[in-house]
Amino acid sequence: MIEWFFIPLAYVVGSVSSAIIICKLMGLPDPREQGSGNPGATNVMRIGGKKAASITLLGDLLKGLIPVYVANAFGVSAEALALTGLAAFLGHLYPVFFSFKGGKGVATSIGVLLGFSWWVGLAFIATWLLVYKIGKISSLSALCASILSPVYAWFITGNIQLAGASVIMMLFLLYRHKSNIQRLLAGQEG
């Protein structure tokens, strides 16, 4: 029964906006009101530089990793683990503390995948880095890594629940990046 406790807890943890907190602590503008208006590491980079973006990225990654890691340490079922990861991810996208308007979810999804399996998370990161090295476009890198993440989850873990959670995260990431996809198709994303 305790395993179901981790799901709402993960949503609350995911709802904490690293971007908003870091910008406030560093005296930067609210990322929801500057740049792209997205409370994520890429927009924080635009308005506050590498240090602020790196801290934001780490915070977003950890809020996906920690709930899944802790739930896994308690030996929850694969189903509860998958739902815990999804809850943290959805908390980032639709945070209860910020009128349900959150970031795009890339870093938090990486944290969730690392919590499912270090190898799955590292495969996502390696794909992101490879695509970025070739194309120099962050959104394209995130989209390619996201599309491949369910494949990695399935082949590395062999677990249908974790692979299914990866599919759901991938679909949300594609939806949240729809404007980036339109710009990529038009050759305007840089």
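Guide: The account below begins with the pocket and then turns to a cavity, several individual residues and the cysteines. The model is a predicted one, and the values that follow are computed from it.

The largest pocket contains about 930 Å³ of space. Its lining is made up of 35 residues, and those closest to the centre of the pocket are Ala 41, Thr 42, Leu 57, Trp 128 and Ser 138. Several helices take part in this lining: α3 (41–48), α4 (50–73), α6 (106–116), α7 (118–135), α8 (138–157) and α10 (178–185) each contribute at least two residues. The largest share belongs to α4, which provides 6 residues of the lining. In terms of residue class, the lining of the largest pocket comprises 14 nonpolar, 14 polar and 7 charged residues.

The volume of the largest cavity is about 40 Å³. Its lining consists of Gly 14, Ser 17, Pro 39, Lys 63, His 92, Pro 95, Phe 98, Lys 101, Gly 102 and Gly 103. By class, these lining residues of the largest cavity are 3 nonpolar, 5 polar and 2 charged.

Helix α3, one of the helices that supply the pocket lining, also holds Asn 43. Asn 43 has a relative accessible area of 0%, and it therefore counts as buried. A polar atom of the Asn 43 side chain lies 2.9 Å from the backbone nitrogen of Ser 36. When residues up to four places away in sequence are left aside, Asn 43 touches Pro 31, Gln 34, Gly 35, Ser 36, Gly 37 and Asn 38.

Asn 159 is located in the loop between α8 and α9 (160–176). Its relative accessibility is 19%, and because burial requires a value under 20%, Asn 159 counts as buried. The backbone nitrogen of Leu 162 is 3.0 Å from a polar atom of the Asn 159 side chain. With residues up to four places away in sequence again left out, Asn 159 is in contact with Ala 78, Ala 153 and Trp 154.

Ser 99, which is not a glycine, has a positive phi of about 55°. This residue is found in the loop between α5 (78–93) and α6. Ser 99 counts as exposed because its relative accessibility is 57%, and the threshold for that class is over 50%. Lys 136, likewise a residue other than glycine, has a positive phi near 60°. The position of Lys 136 is in the loop between α7 and α8, and both of these helices supply at least two residues of the pocket lining.

Finally, the cysteines may be considered. The structure holds 0 disulfides. Cys 23 has a relative accessibility of 1% and so counts as buried, whereas Cys 144, at 27%, counts as partly exposed.

Key:
Residues are numbered from 1 along each chain as its sequence is written. This is a predicted model: local features need pLDDT of at least 70, side-chain atom pairs count only at pLDDT 80 or more; totals for chains, interfaces and linings use all residues. Side-chain values use heavy atoms; hydrogens and water are left out. On a 1 Å grid over the protein atoms alone, a cavity is a set of points where a 1.4 Å probe fits but cannot get out, and a pocket is an open set with protein on both sides within 12 Å along at least five of seven lines; lining residues have an atom within 4 Å of a point. Grid points are joined across faces, edges and corners, and a volume is the space filled by probe spheres set on the points. Helices (H or I, at least four residues) and strands (E, at least two) are DSSP runs, numbered from the N terminus. Ala, Val, Leu, Ile, Met, Phe, Trp, Tyr, Cys and Pro count as nonpolar, Asp, Glu, Lys and Arg as charged, and the others, Gly among them, as polar. Buried means under 20% relative accessible area, exposed over 50%, partly exposed in between (1.4 Å probe, protein chains only). A polar contact is a pair of N or O atoms within 3.5 Å; within protein, one must be able to donate a hydrogen and the other to accept it, and residues adjacent in sequence count only if both atoms are side-chain atoms. Contact means heavy atoms within 4.5 Å. A disulfide is a pair of cysteine sulfur atoms within 2.5 Å.
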